[in-house]
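Trainee: I am new to this structure and would like to take a close look at a single part of it. Please guide me through that part in one connected account.

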Amino acid sequence: MKERYQNRIELLQGTLDLLILQTLQWGPQHGYGISVAIRNRSGEILQVDTGSLYPALHRLQRQKWIKSEWKTSENNQRAKFYQLTAAGKKQLTKERSKWEQLSDAMAGVLNPFKGENEP
Amino acid sequence: MKFPWQKSKQQESDLANEIQNHLNMASQERAERGATTDEAAQAARREFGNVELVKETARDAWGWRWVEDFFEDIRFGFRMLRKSSGFTIVAILTLALGIGVNTSVFSLMDFVLLRPLPVPDPGRVTVLSRGGSPLFSYPDYNDYRDRNQSFTALAASVPTESSLDYQGESRATAAEAVSGNYNDVMKIQPLLGRWFTDENENVAVISYDAWQRIFAADANVLGKQVRSESQWYSVIGVAPPDFTGIYSPIRIDIWVPLRIWTTQHPNLAAERTDRMRRRVMLFGRLKDAIEPFVATANLQAIDEQIHRENPGIAPDKNRVLVERTSGIPSPISRRNAVPVLILLFGVVGTVLLIACVNVGNLLVVRGVVRRHELSVRTALGAGRIRLLRQLLTECLLLCFMGAAAGLVFGSWTNYLLKVLLLSLPIDAPIQLNLALDYRVFLFAAALSILAALTCGLLPAWHAASVDVAPVLKGESPQATCFRMRHAFLAGQIALSLVLLLCTGLFLRSIAKLQSSDPGFAVKNRLYALTYISEPEFNAESGLQFYSKLLTDLRSLPGVQSATLTRLLPLRGQGNETNCVSTATSQPFSSTFGVLDSGFLAEMQIPVLQGREFDAQDQPHGKPVAIINATLAQRLWPHQNAIGQSILLGCDSKTSAEVVGVAANTKVVSLGEAPQPYFYLPFSQNYTGLVTLVLKTASESTAFVSTVREALHKQDNSLRIYGLETLSSHLERSYYQVRWESSMLLIFGLVALLLATVGIYGAIAYYVTQRTREIGLRMAIGARPAEIGKLILSQGLRVAGLGISVGLVVSLGVARLLGRFLSGLNPLDPLSFISTAILWSLVAAAACYLPAQRAMRVDPMVALRHE
């Protein structure tokens, strides 16, 4: 049963944390808001599965990278808003640079001759 | 008080609200895009997925999930076990039986091999040995003590069977004659008084137990005079309760200075300078940071020095070894106990395995009964691993409860072990402390986890992998379940058959021992162990005393004859040995006895050639000996032995003339093959310790009190240690086989019972499961007899398989038992056949009852059943 949820995650291991932290950089947001934001900003490509989102939020909170607070949302609903902490901001920078290294490396592997052997 | 893994209500409701908000917002957005409220809510839910599962995975992130699950499982497990209390009780009792006997045997092993000496810092106390023997010569001891750099102290000790007299009453006991630095090694704090340090002082330390029994815990015991053997000592200390010396399981009652003790025995005094006579046990306390192997190397180097300085003495090919003491200090006794422990562990391990299989079988049945529950839980999203964990936790709970009950049960078997072991044929107090210490508890815990895995893993795996759909539709379980149960059953039958067969072999070997002829008459004979010593009696007056005593005894009504020997044969390892050789042959070790004239005639041991000892063998006359047929054959295979001379002793030899050849008798044990044995005359080999043997006109038990009275009327320095029939001495000689077979008989019957219950339960369950099918068969014309045959054949097929497997396994196991069976052929056909028949009958009976029930199935009731 669990596998079915895990299969739907098309994100690389660890990238969800990065996406969440990045989304929260623009301001406090609740769980639903985060999932909508990721979906919209990725041009509907990245679907964040709730079965991964909430555990990730709770995990990040346990690691003290984000903190939460119950607030009233714009449409007058009480919701749990998550917010980056100072440690979270540092973590975000770290994760971003890690991600950039990774994507450069991936690009290098996938297009090995680019820029090197150009005639 | 709140543990971090306890779920907080706040956190829970937070999570629920958070998810509810998510759903609300999602459906609100959809509604704003024009969907109806219902549609929007449904779509939001669908997109969200399984709410409970998301909650579960979110909780995982809280981090205490597994602990929480574990407690949850335990709570749930308890509830499930309470719900089916019948199953629970049977399973716990079965496991208690299995685990209990194991902890009991483990306590014995703990005592023999593991438990440290009850002294401060016991890890530094070591024992020395050479080729397994702990005995060393005095000169070697002196050199080791003075030259080593490894020990803070190296002490010598001679444990010995001895006597302890106080206020005219004498007891046979064990003593330890120890060097003055003994307590530098042991470092024990006496309960009262002090420990001696001067070997030339006439002082002694008594055991706590002796203080309690003999002195009634008198606080003024210090300074009282006691006598051990011929020497008087004044008590200067009482040992603490748990310290019983280094001769365990024999309890030491008195510790005396080695030098004083030696002066009583002129021959021992001579040994103090003889490097060939090994007499003392050596114990050393290691210096800090010195490991036993360093000490070993140190002593081996000293050995080489000694050898260089004494070139005339051949070095021992076995090298000296320093070991930490644990359990029984003497390495040789420890090594002797190991085969018995292995046998016992084999037996109780098998009992536990049978118990586990039985519980495993019950669990399979329970898995079938719980199929519905388990499928519902699977349908609700429980993973297979999660279910497996739950089922195993339940099983673990069962096993822990079983272990707890087992420790209680084990204390009963401990008692049994003790009672059976204390009938050792030794005239000294035995102390067997099978206390439950932390090692036993750890062992029980480890065993219950092992048992839980053994009995729980397969059934749990099987139950956890239920296929949801057919179960929820109410279909019957698959056949694999039956196959597994049948394999379990056959295995159980095979195991219990092996145990039963081993028991049979032991019982047969006892029967063989009982009917075997010791080579001397036993019926209507009494014996008494008596002791007189210096200064009241020297050799001359002692001989006169015993001669007069025998005359007095012969005049008692009903006593036909009376004679004496030093020690009766068949004392196990307690018989005296010496080297024998001829002028031309190499010396070898032989057992010997010391006899008074008339002993061979009274015991009806035929004299094949020559004569028995008689009045012409004077104390200072020509030394004479009688040899048995085996020794005669070995020394002079082609000549007449009479008139030849044999040499006695390993290095300093004395010679004796052979005056007779006697028929072979059993010497060490009843099961032995004929071995060399010789006799020396009492008149030329006097000691104060003798065994009087009386032949009575009728059943000898009737004469015990008369003889005791007659002995008490003698000189009041005559000490009497045992007065019994000769047949009871003979029975004690095979106490070990008897002890082993009583254990086996008990465990074998337990195994038979468990396996019978197992097969009965399995077949009965099989019938219940097939009630519908049986009803159908009957409805279309099957006769009850056919149904009965069907069920019976089903059960007997399994039993037949188990019995054949068991017989094959037994063929291998029986060979391993050879050394315990005192000469019985391990492949004894009678035991094999009778065990197979017995088990077939038991299996038939166990299958017959359920078959009967199947035959009485009413088709109408059965078909309406569901």
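How many helices and strands make up the secondary structure of chain B?

Mentor: This is a predicted model, in which local features need pLDDT of at least 70 and side-chain atom pairs count only at pLDDT 80 or more, while totals for chains, interfaces and linings use all residues. Residues are numbered from 1 along each chain as its sequence is written, chains are lettered from A and ligands numbered from 1 in the order in which they are written, and side-chain values use heavy atoms, without hydrogens and water.

Chain B has 27 helices and 22 strands; these are DSSP runs numbered from the N terminus, with helices (H or I) of at least four residues and strands (E) of at least two. Chain B is more spread out than a compact globule, because its radius of gyration is 37 Å, well over the 29 Å that the globule rule gives for 866 residues. That radius is taken over C-alpha atoms, and the rule is 2.2 Å times the number of residues to the power 0.38. The C-alpha trace of chain B spans about 130 × 70 × 55 Å along its principal axes.

Of the 866 residues of chain B, 53% are buried, where buried means under 20% relative accessible area, exposed over 50%, and partly exposed in between (1.4 Å probe, protein chains only). Contacts (heavy atoms within 4.5 Å) also describe the fold: of those in chain B between residues at least 6 apart in sequence, 80% join residues at least 24 apart.

Leaving aside residues up to four places away in sequence, Ala405(B) touches Ile92(B) and Ala96(B). Ala96(B) is 309 residues from Ala405(B) in sequence, yet their C-alpha atoms are 5.2 Å apart in space.

Chain B also meets chain A, in a contact that takes 25 residues from chain B and 23 residues from chain A. The two chains bury about 2,200 Å² between them, with 54% of it on carbon and sulfur atoms; buried area is the accessible area (1.4 Å probe) that two parts lose on being put together, summed over both. On the chain B side, Glu18(B), His22(B) and Met25(B) lose the most area to chain A, together 27% of what that side buries.
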